[in-house]
Amino acid sequence: MSAGALLPILALLSSLLAAVVIFALPETSHRLRTLVNLLAALLKLGIVAVMTWGVFQGIDFSVSFTMLPGVRFMLRADALAMLFAGLSALLWLLTTIYAVGYLEDSPNRSRFFGFFSLCVASTMGIALAGNLFTFFLFYEMLTLSTYPLVVHRGTEKALQAGRNYIIYTLGGGVVLLLGIAWLHGLAGDLAFRETGHFQGSDPALHGQLTLIFVVLIAGLGVKAGMFPVHGWLPQAMVAPAPVSALLHAVAVVKAGAFGIVRVVYDIYGIDFAFALGLLQPLAWLAAFTILYGSVRALTQIDLKRRLAFSTISQVSYIILGVTLFGPIGTVGGLVHLLHQGIMKITLFFCAGNYAETLGVHRVDELDGAGARMPATSAAFTLAVLGMIGVPPLAGFVTKWVLGTGALAASMEWVILVLLLSSLLNAAYFLPIVYRLWFSPVVAPWPAERRWGRLETSAWLLWPPLVTTLMLILVGLLAATAFSPLSWARLIVVRMYLP
Amino acid sequence: MGFVVALAAAVLGAAGAAAPSELSDQLQASLARSGVEHPVTAVLLNFRSYDTLLEIGVLVIAGMAGISLASTNALEDPALRSADSLLYALQRWFVPVMLLLAAYLLWAGADRPGGAFQAGAVLAATGVLMRLGGLPMAFIRPGILLRLGLVLGFAVFLLVAVAGALNGEAFLAYPVTIAGGLILIIEIGLTFSIGMILLALFVAAPVTDEHEPEEGGGL
Amino acid sequence: MSQWLIAGLLFTPLAWAALSLLLGFRQGRWLSWLGMAIQMAVSLALWFAVMEGGGFYYALGGWNAPLGIALRVDGLAVTFVLLTAAVGTACGLHAGVYLDADKPWQRYFWPLFWFLWAGLNGVWLGADLFNLYVSLELISLSAVGLVALGGEAAALRAALRYLFAALLGSLAYLLGVALFYGRFGTLSLAVIDQLLVGGEPALIVALLLMLAGLALKTALFPLHAWLPPAHGIARSPVSALLSGLVIKASFYIAARLWMELGDRLGSPWLAQGMGVLGAAAVIWGSWLAFCQPHLKQVVAYSSVAQIGYLFLLFPLTFAVAEPVSLLAQQGITLQVISHALAKAAMFLAAGNLILSVRSNRVKALAGVSHFLPFSLFSFGLAGVSLMGLPPTGGFAAKWLLLQASLASGQWWWVVVLLLGGVLAAAYVFRIYRASFLEVSNSDDFYHPPQSLEAIPMILALLALGLGLVAEPVLSVLALPFEVVAAEAVHP
Amino acid sequence: MSGWLDGLLVVSLLVTAVAVLLSRDLFRAVVMFMAFGLLMALAWVRLQAQDIALAEVAIGAGLTGVLLLDAVSHFRRARPQHRSRGTE
Amino acid sequence: MSLNLLYALAGVALCGIGLAGFLLLNHLLRRLLAFNLLGSGVFLVLVGLAQHGDGPDPVPQALVLTGIVVAIAATALAIVLIRRYFHLTGRTSLDTGNNAGDGGGES
């Protein structure tokens, strides 16, 4: 088997095998499990790095075999795939480190890390999927492997959240399956292809294709947390912080957004989707979700819930970018896929630190936490500023490019949405920052724990610091060759501009 | 009612359209190679012997069910040892006659009506008579001997069947020259086992309820 | 070569049935392990032989079809023979450890087990209408025996219900056979297929009778009432055999009849009617599964639901284009295989769970995810297949059926397929939910032996992997078939 | 052969069958069933199926009947016993 | 109407009687009797229909012989189960109510 076929499989197997090994390990062998976890994460990061370099050089990584009559299982690494794969590989490593610290002394770790690895394998599969069928395969696998993580604590509340999570996501999966099967019946096995498949197709099919598009977006929109099917996301925040961080802020919602990008660009083709008049309503929906999420976030007292509504809002930036008809908007959407991931995971790491170290879960309990946990609070503040779009941080780059794209596509109202959203971001984030640094401590921390010299465990402290550094760097160095922005440009140049 | 009408119509319809069967011609043509002269026996034990093999399997299952319920106590039920002179006389005269009858039926099967099933049934009836007469029937007690008797006919049949396969022919194929002999062997085994199974079914069921069947005996 | 294999295939289960009757449960276990190994090897070898050489008729006793009984050894048949070997071996191994060897009645387990196996092989290979009847009876009686084995009153009641339903079904089938024989003077399905010209009313009645009888034996809604008590109360390895294999046997015959004769004797009404009953089974069975308080009842009602999918074969192959029909057949075949594997895994895992928490109630599972993740994991994996989520065999089946429904324009089955998946998720996740609940005083669990835990896991993994290798498995369906019957009819 | 004889046989077959199902007393029902078996045997003879006739007499009427009778008498004897058990 | 066909039709009627009894009767032994009547009806149809044209046909006769043996096996198994059931519960009929609920036998 050539290296081209081997690497995508290895990328999948690295975490799949890790999952199997972790399941097989006894509950008590914590060190060994941590070792396996970290080794697998590093290995995966290495593989993804090599593949990214290869894709940059124009090497074709793909593997496929016939799974069912007329359907192929197909993995293929293109530039877009590597964007998502790179994001999840990088953040998996950090989140694994974080989770090891976070779950210290808690039961059922074998189960947790096993399913955690399985989730990452699914995410990798989603990134590398070469056709809609394979995408769906891993998409559902992600749903299933996240359920045990959501209900990990086994409390009545967690189980209830898990139930809602599964109702939403499986429901979305069924809708998606309907769309995929329908499309398959109409057009056969559809590999992701830069220009889409329907340019110049029979006008008689356009009605059906429009309907299928709606079905597909509805199915994918559930995971992407789009209004009105976003309800699971805030509830799923009962899960442990690493789960919220990696899965709900990064893997799951991004999988939905990524799927929408794939459908719009690689199945329908942006020109065709535009010609069918499908993009405009999607843009409105995305814009509405952005504002809706922000408004809801304003009133949340629970820190993680506030972050969750912020996620709902932020993910729709990606979708908004995609629907801006033109290359610049696309760049904005794609780069936000990465930027938002880094920023949001920082915020969740910090929220987890407050919860784990001080026992703080609510916004109004954070008064004066900045003095107790300066490093964490600094990271939090920077991430917040990034979210709001303060230059030169990651979020600013996104919003700038999106705005430019909107102007280029002469959709000026989008600028208004962006501005309004930034204001709202500031409105729900800045009070927290204020409380952190400028409010005096009024009450003792609900459940404080101490770890020697550091403000919290080193396992918990380093990951947010690293991601904070990243969110500064991706903003500062946006113009250099290997920044996410450049990579997004590369994707657009390669794929969508003939 | 509708069921009967539809079925009757179907029977009449099928009868009206019945195709001339080539099967009986083939049967007549092959009868000479079957080893027996009576066509029913030929069908049962040669042409469609696989049916019969499985059917004996079904019977063995029923037999197992029977002996699993058997209660050892019931077999020695003193109430059954009643010295009924009529029964005793009956038994004295009938048992040999019935055994002879069974043997005859078995033998007759080759060229006229009769065969293992009927002979087995007669054998079983003999057993029932002996049982009612209160004869001690230790052999019918649940145990290795009873189970051996139960499967003997089946085992003989099966061995003959696989011998054909080992011989390089099909499963259940008999060489033409010894087909008659093989069928007779099978029939003897079957008669014995069928009699045994049917008898077991009767005897094993406890006649009175005064003694608990061995706990959990119900299959 | 194939000749020897067939002989071995037929001989082993029957011989082992006879031999194990002479032994006790423990010695019978040793003997049966050997027998299972032989059966597995023979089934595999036969499968590969047919893969290479194509299918053929095997004339038992050297007598060809109309006079003697011929076995139809084709790709589908050997696939099911192999499936039986896999599931049968798994259940047999599990039973050897699971069942209490000290109970005197257990000695009858092995003979019944082997007779059941023999009957199943007889059905898969059967091409003779009456022989199929005898095989069915062999299956029914041994299955009833297994349900009742050592049973208490409730088990006996379930067994009696099962027995009566099975007997009625068999007689209905036999009545249909009588009509066919009266009309054509033959019992060979292949010959009937050749002689059959058009839809005579008498033969339609015959087909209806046979289908009705077989549907009763397959527990198609609304004739399913006997199944849940029987499958729910039998010992777990037995339940696994019954749900995994036994109900498939009667469906297999119905499907064979339909595929051979349905094009001339069927009607759109009949086809759609069967489909509607299947759909009702999917919905109603899933709903009832969701409502059951006992773990094994959930699994048993799930069987009622999953069987419903099989009956979509009728509408999806009637008066549709050849490729669509093929899609549907492949989908149904996959559904049979994946359900057999998944349901057997599920029952065995459920048995382990019950052993562990010492109760059959779903509520008693609280906290078990803590202690028994392995069996729970197997249960979960099997559940994934039942839900029809990728990459399992259940998903592959559902995908093919979706494609067939869409391509034939019968979109209403799409609704059933999708809804069925959601409902299956509902009852499977109910179990997960119960087991994930953490309760403080839940440390009192018994750990079953590892061998018990490994077996359902292997089955569940097979069901999972089936989706990935569906293509090669399905390719045996299209193997060339040597037509002997044609010569036999017109010598 | 004489058609009315067959007609009579068929009619009595059906009548006996109905009687088997309708007789109040279970014992009677079984006896009727044995009679039915004998009539069936006659029918088989008329159908030139002597083998079946023999089997029917021996197995159908004879053994099935004996088994059923045995069961019936078992039920009869055991019933009061169970009633008393139930009231304890 | 030929002689054989007459018996075949008698078989049809027996099937009807047997089926009605099977479905309507509650007592287990009566249902068993009905099953045997139904079986006899089927056998009559099988033989009567098959040989209504040209004389005795050994094949259906052999089939019926097999069928009779299968029927007695089934009957015997049923009787064993019924007796055991009766022994344990004192009942001679299956409850018409919902039996599904008490499936908790395995523990």
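Predicted model: local features only at pLDDT ≥ 70, side-chain atom pairs only at ≥ 80, totals over all residues.
Entry one, chain A. I looked up helix H5 (residues 132-150) and helix H9 (residues 241-268) of chain A, whose axes come within 11 Å and cross at roughly 165°. Angles over 145 degrees count as roughly antiparallel, so H5(A) and H9(A) are roughly antiparallel to each other. The crossing of H5(A) past H9(A) is left-handed. I listed the contact residues: H5(A) brings A:Leu132, A:Phe135, A:Tyr139, A:Leu142, A:Thr146, A:Leu149 and A:Val150, and the residues from H9(A) include A:Val243, A:Leu247, A:Ala251 and A:Gly259. Sorted by class, this contact holds twelve nonpolar, two polar and one charged residues.

Entry two, chain A against chain C. I found 27 residues of chain A in contact with 29 residues of chain C. On the chain A side, strand S1 (61-68), H5 and helix H6 (156-187) each supply at least two residues. H6(A) gives the most, with twelve residues. I noted 17 nonpolar, seven polar and three charged residues on the side of chain A that touches chain C.

I turned to helix H2 (residues 25-53) and helix H3 (residues 75-98) of chain C, which pack at an angle of about 160° with their axes 9 Å apart. H2(C) and H3(C) are therefore roughly antiparallel to each other. H2(C) passes H3(C) in a left-handed crossing. Among the residues that meet are C:Met36, C:Met40, C:Leu44 and C:Trp47 in H2(C), and C:Val78, C:Leu82, C:Gly92 and C:Gly96 in H3(C). By class I have ten nonpolar, eight polar and one charged for the contact of H2(C) with H3(C).

Notes:
Residues numbered from 1 in each chain as written. Chains lettered and ligands numbered in written order. Axes fitted to C-alpha atoms, helices over the stretch in contact; angles between N-to-C directions. Helix = DSSP H or I, 4+ residues; strand = E, 2+ residues; numbered from the N terminus. Parallel < 35°, antiparallel > 145°, perpendicular 65-115°, else oblique. Left-handed = near helix turned anticlockwise from the far one by under 90°. Contact = placed C-beta atoms within 7 Å. Nonpolar A, V, L, I, M, F, W, Y, C, P; charged D, E, K, R; others polar.
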